[in-house]
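Open the model in your viewer and follow the stops below. Each one names what to select and says what is there.

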Amino acid sequence: MLGLKLKTDPRWANIAESNLEEILSDHCWCEQKAASNALYIITNNSENVELVTEMAKIAIEEMEHFQMVHNIIQERGFEFGREVKDDYVNQLVKFTKKGGSRNDALIERLLFAAMIEARSCERFKVLSENIKDKKLADFYRELMISEANHYTTFLRFARKYSEKVDVDKRWQEWLEFEGELISNYGKKETVHG
């Protein structure tokens, strides 16, 4: 369904589980950044009522996820670490087409968001199927479903609002790029690492 070119090696879940404090802190920050992205889209596209309505829902849901992960961190007596730059996301930012019309920028932003949600969904699936911690496995299964819904929402809006970008063609370019990019990751206890 996601169309990702390279699946995460299930052994990455062992790396993540070996340092739950690190993965949970990183995950918490990912949720905050996802909420910020939805707010960014609202700020720059306030005239698109349906888009604003859905992005507001996503921003709220992402902050609810932030709170859920933060609660798990506290319950386990972990420290909520400082934000660490996400190299994977920064590489996706570099791939984003610059220039063009305001509409072109919106479509790129939606595809960028869809890509992150797709990979996060896939990573949460790997965690849900491979970690021994039953409570966290169930938690990540629930979040996997949410990420899949966000992924399809971003893609749907890219198709709906595109004025001249061939969204399906550009999405394939995103998938190809990400497939090559992700081969360099999966060795750290971070959501995209």
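Start with a pair. Select helix 5 and helix 7 (residues 167–182): they pack at an angle of about 45°, with their axes 11 Å apart. That angle makes helix 5 oblique to helix 7. The residues in contact on the helix 5 side are Ile 107, Glu 108, Leu 111, Phe 112, Ala 114, Met 115, Arg 119 and Arg 123. On the helix 7 side they are Val 167, Arg 170, Trp 171, Trp 174, Leu 175, Glu 178 and Ile 182. The crossing is right-handed.

Some terms for this stop. Helices are DSSP runs of H or I, at least four residues long, numbered from the N terminus. Axes are lines fitted to C-alpha atoms over the stretch in contact, and angles run from 0 to 180 degrees between N-to-C directions. Under 35 degrees counts as roughly parallel, over 145 as roughly antiparallel, 65 to 115 as roughly perpendicular, and the rest as oblique. A crossing is right-handed if the near helix is turned clockwise from the far one by less than a right angle, and left-handed if anticlockwise. Contact means heavy atoms within 4.5 Å.

A word on the model itself: it is predicted, so local features need pLDDT of at least 70 and side-chain atom pairs count only at pLDDT 80 or more, while totals for chains, interfaces and linings use all residues. Residues are numbered from 1 along each chain as its sequence is written, and side-chain values use heavy atoms, with hydrogens and water left out.

Stay on helix 5. Of its 29 residues, 23 are buried, so this helix is largely enclosed by the rest of the structure. Buried means under 20% relative accessible area, exposed over 50%, and partly exposed in between (1.4 Å probe, protein chains only).

Go to the N-terminal end of helix 5. Ser 101 caps it: a side-chain oxygen lies 3.3 Å from the backbone nitrogen of Asn 103.

Now select Glu 122, in helix 5 (residues 102–130). Glu 122 counts as buried, at 9% relative accessibility. Which side chain does the side chain of Glu 122 meet in a polar contact? Show Thr 8: the two side chains are in polar contact at 2.6 Å. (A polar contact is a pair of N or O atoms within 3.5 Å; within protein, one must be able to donate a hydrogen and the other to accept it, and residues adjacent in sequence count only if both atoms are side-chain atoms.)

Center on Thr 8, in the segment before helix 1 (11–17). Thr 8 is also buried, at 9% relative accessibility. Its side chain makes a polar contact with the side chain of Arg 123 at 2.7 Å. Beyond neighbours within four places in sequence, Thr 8 touches Arg 119, Glu 122, Arg 123 and Val 126.

Next, helix 3 (residues 49–75). Its 27 residues reach 39 Å from first C-alpha to last, close to the 39 Å expected. Its buried residues include Leu 51, Ile 58, Phe 66 and Ile 73. Helix 2 (20–44), helix 5 and helix 6 (134–161) are among what covers them.

Zoom in on Met 55 of helix 3. Met 55 is buried, with a relative accessible area of 0%. Its contacts, leaving aside neighbours within four places in sequence, are Ala 38, Ile 41, Ile 42, Thr 153, Phe 154 and Phe 157. The C-alpha atoms of Met 55 and Phe 154 are separated by 9.1 Å, though the two are 99 residues apart along the chain.

Finish just after helix 3. Gly 77 takes a positive phi of about 75° there.

Notes:
Helix = DSSP H or I, 4+ residues; strand = E, 2+ residues; numbered from the N terminus. Expected span 1.5 Å × (residues − 1).
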